[in-house]
Amino acid sequence: MLLRQLEYLSALARERHFARAAAACHVSQPALSSGIRRLEAELGVQIVRRGRRFEGFTPEGERVVRWAHRIIADQDALRHDLSTLRGGLSGQLRVGAIPTALTAISLLTAPFRERHPLVRISVQSMASREIVHGLAEFELDVGLTYVDGEPLGGVRTVPLYAERYLLLTPADGEFAGRAEVGWAELADTEMCLLSPTMQNRRILDAHFAAAGVAVLPSIEADTVSVLYGHVGTHRWSTVIAHAWLYIFGVPPGMRVIPLARPSRAHHVGLVLAARDPEPMLARAMLDIAREVDVRAELNAVLTRHLSGA
């Protein structure tokens, strides 16, 4: 069995298309198909359901794909391990982060790059469930997501900070002069919020429900930047996590007001697959996460904006 054949199979699983998989592997489509057929012959099982186009994998094929991902990941980990002995960690660190944590990711990636200048970093905006899948399928090295909410499966977690929730609202609006706002008070406020497909929104909806109200926003979006774009017009308010202040701050003419602390805190943290041996790139990011006081950095930004307000 050749690693190249496993790479062909992994590419096909990722692309779900023979021609695109061949292009990703820089070979012709007949060469890719021939390599997968040789792999089937060697293992004695049919891996791919074949028709006029790619139709998926057989049950045995699904199992072979999982092993292919694992073997390729172990090969990459071996190369990274050996690269440190040759004078420095290299390769690509693949990070998946929920959109609401992207604003804080540079607190980790900047010091990581300073320590490991030969490593390239790829950051993808992903849903929490996609991050868990990416770690399990060896498509990600680490993730940044909620660590105490929805099930994460077999991963290691390193909590970084607990989200604080704030109302971002016009400075001369109905809540002018308030030091705190209750969740139930937002029931009749013109709101824009993240979409219900995002875990942050599901968390906020749970807090609203605990206060006995349901908030139906007039605008929903799947990015933080869209929310900021709308509240900047002074026609809407939104609920933000304090980590967003690190990048976006408070638009002119707006202010942030703390929302009443909910009974349950939600922590954002680093997650990585529980594997032994631990991949070098994931371990290196884990070391950074343990050294950088992300919580203190974000709290300092929060204090600055609250005092400015």
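Val 95 stands opposite Val 142 in strand 5, and that pairing is a handy way into this predicted model. Strands here are DSSP runs of E with at least two residues, helices are runs of H or I with at least four residues, and both are numbered from the N terminus. Strand 3 and strand 5 run parallel and share three bridges; for two strands to pair, DSSP has to find at least two bridges between them. Strand 5 also pairs with strand 12, this time antiparallel and through four bridges. Five of the five residues of strand 5 are buried, so the strand is largely enclosed by the rest of the structure. Buried means under 20% relative accessible area, exposed means over 50%, and partly exposed is whatever lies in between (1.4 Å probe, protein chains only).

A word on bookkeeping. Residues are numbered from 1 along each chain as its sequence is written, and side-chain values use heavy atoms, with hydrogens and water left out. Because the model is predicted, local features need pLDDT of at least 70 and side-chain atom pairs count only at pLDDT 80 or more, while totals for chains, interfaces and linings use all residues.

Helix 6 (residues 128-136) packs against this same strand 5 (142-146). Its buried residues are Ser 128, Ile 131, Gly 134 and Leu 135. Looking down the axis of helix 6, these residues fall within an arc of 120°, so they line one face of the helix; the arc is that of the directions from the helix axis to the C-beta atoms. Arg 129 and Ala 136 are exposed on the other side of helix 6. Besides strand 5, the packing partners of the buried residues of helix 6 include strand 3 (91-97), strand 6 (155-162), helix 7 (199-210) and strand 12 (267-273), where a contact means heavy atoms within 4.5 Å.

After helix 6 comes Phe 138, in the loop between helix 6 and strand 5. Phi of Phe 138 is near 65°, a positive value in a residue other than glycine. At 12% relative accessibility, Phe 138 counts as buried. Arg 16 is another non-glycine residue with a positive phi, about 60°. Arg 16 lies in the loop between helix 1 (3-15) and helix 2 (18-25), and with a relative accessible area of 42% it is partly exposed.

Strand 7 is mostly covered, with six of its six residues buried. Strand 7 runs antiparallel to strand 10, to which four bridges join it; within this pairing, Leu 168 has Thr 238 as its bridge partner. Strand 7 is antiparallel to strand 11 as well, through five bridges, and there Leu 167 stands opposite Ile 257.

Helix 8 (residues 224-231) has Val 224, Leu 227, Tyr 228 and Val 231 as its buried residues. Down the axis of helix 8 they fall within an arc of 95°, so they line one face of the helix. As a rule, an α-helix has 3.6 residues a turn, so residues three or four places apart point the same way. The buried residues of helix 8 pack against strand 7 (165-170), strand 10 (238-241) and strand 11 (254-258), and also against strand 8 (192-194), strand 9 (219-221) and helix 9 (245-248).

Asn 299 belongs to helix 11 (residues 294-308). At 24% relative accessibility, Asn 299 counts as partly exposed. Asn 299 and Arg 63 are 236 residues apart in sequence, and their C-alpha atoms are 46 Å apart in space.

The protein has 11 helices and 12 strands, and its C-alpha atoms fill a box of roughly 75 × 50 × 30 Å along the principal axes. Of its 309 residues, 47% count as buried. Among contacts between residues at least 6 apart in sequence, 73% join residues at least 24 apart. The protein exposes about 15100 Å², with carbon and sulfur atoms supplying 51% of it; the accessible areas come from the Shrake-Rupley method with a 1.4 Å probe, and for residues only the protein chains shown count as cover. The mean positions of the 34 positive and 33 negative charges are 5 Å apart. Lys and Arg count as positive and Asp and Glu as negative, while His and the chain ends are not counted; each charge is placed at NZ of Lys, CZ of Arg, CG of Asp or CD of Glu.
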